Amino acid sequence: WRNADEDSAGTRRGRIVAAELAELIVYCQTKPGGISMTKVRNNEMKYNNMSSSTFENMLKLSNNGENKDDLIKYHENVLSRIYPKGRNIFSGNFNPIPSWKTGAQMAALNVQTAGPYLRLNSAMFQKKTETQDMF
């Protein structure tokens, strides 16, 4: 199986990827504009699409009672990454729970900033036996 890349000069060249590895790869296509309730309600997003949205935008959408069920349904089929605002100069983290409650799969936290939200994220994804030992 060949995957074509372009080098800095714009020349296409192929690289060989093991067939077994290629079979495991699922490609996601990002869609510009973040999470849009119009796209959600019109079912415009496909299973291989991925959206990114700021935490603030996700909160604004989820705080509207009409949107909650639509967001959960949307996230059943589409991957979403929630990230902090670009003007976050202190590298602080946001609470990932509201993102998870809407079904968003990825909360992009700053791992260089320790704190309660990063610990919460780590605890969420530990193996069950490791988590039980914590409590």
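Are Phe55 and Phe94 buried or exposed? Both Phe55 and Phe94 are buried, where buried means under 20% relative accessible area, exposed over 50% and partly exposed in between, for a 1.4 Å probe and protein chains only. The model is a predicted one, in which local features need pLDDT of at least 70 and side-chain atom pairs count only at pLDDT 80 or more, while totals for chains, interfaces and linings use all residues. Residues are numbered from 1 along each chain as its sequence is written, and side-chain values use heavy atoms, with hydrogens and water left out.

The chain contains seven helices and six strands, taken as DSSP runs (helices H or I, at least four residues; strands E, at least two) and numbered from the N terminus. Their order along the sequence is β-β-α-β-α-β-α-α-β-α-β-α-α. Of the 135 residues, 30% count as buried. The mean pLDDT (the predictor's confidence in each residue, from 0 to 100) is 76, and 69% of the residues score at least 70. Confidence is lowest in strand β1 (residues 2–6), with a mean of 47, and highest in helix α5 (residues 97–101), at 91. Over residues 1–5, pLDDT stays under 50.

Helix α4 (residues 65–75) has Asn67, Leu71, Tyr74 and His75 as its buried residues. Viewed down the axis of α4, these fall within an arc of 85 degrees, so they line one face of the helix; the arc is that of the directions from the helix axis to the C-beta atoms. Gly65, Glu66, Asp69 and Lys73, on the other side of α4, are exposed. The cover over the buried residues of α4 includes α2 (37–41), β4 (49–54), α3 (55–63) and β5 (79–83), with contact meaning heavy atoms within 4.5 Å.

Two aromatic pairs are present in the structure. Rings of Phe, Tyr and Trp (its six-membered ring) pair if their centres lie within 6.5 Å; planes under 30 degrees apart count as stacked, over 60 as edge-to-face and the rest as tilted. Phe55 and Phe94 are stacked, at 4.5 Å centre to centre with 25 degrees between the planes. This pair links distant parts of the chain, with Phe55 in helix α3 and Phe94 in the loop between β5 and α5, 39 residues apart.

Trp100 and Phe125 form an edge-to-face pair, at 5.9 Å centre to centre and 80 degrees between the planes. Here too distant parts of the chain are linked: Trp100 lies in helix α5 and Phe125 in the loop between α6 (116–124) and α7 (128–134), 25 residues apart. Trp100 counts as buried because its relative accessibility is 18%, whereas Phe125, at 57% relative accessibility, counts as exposed.
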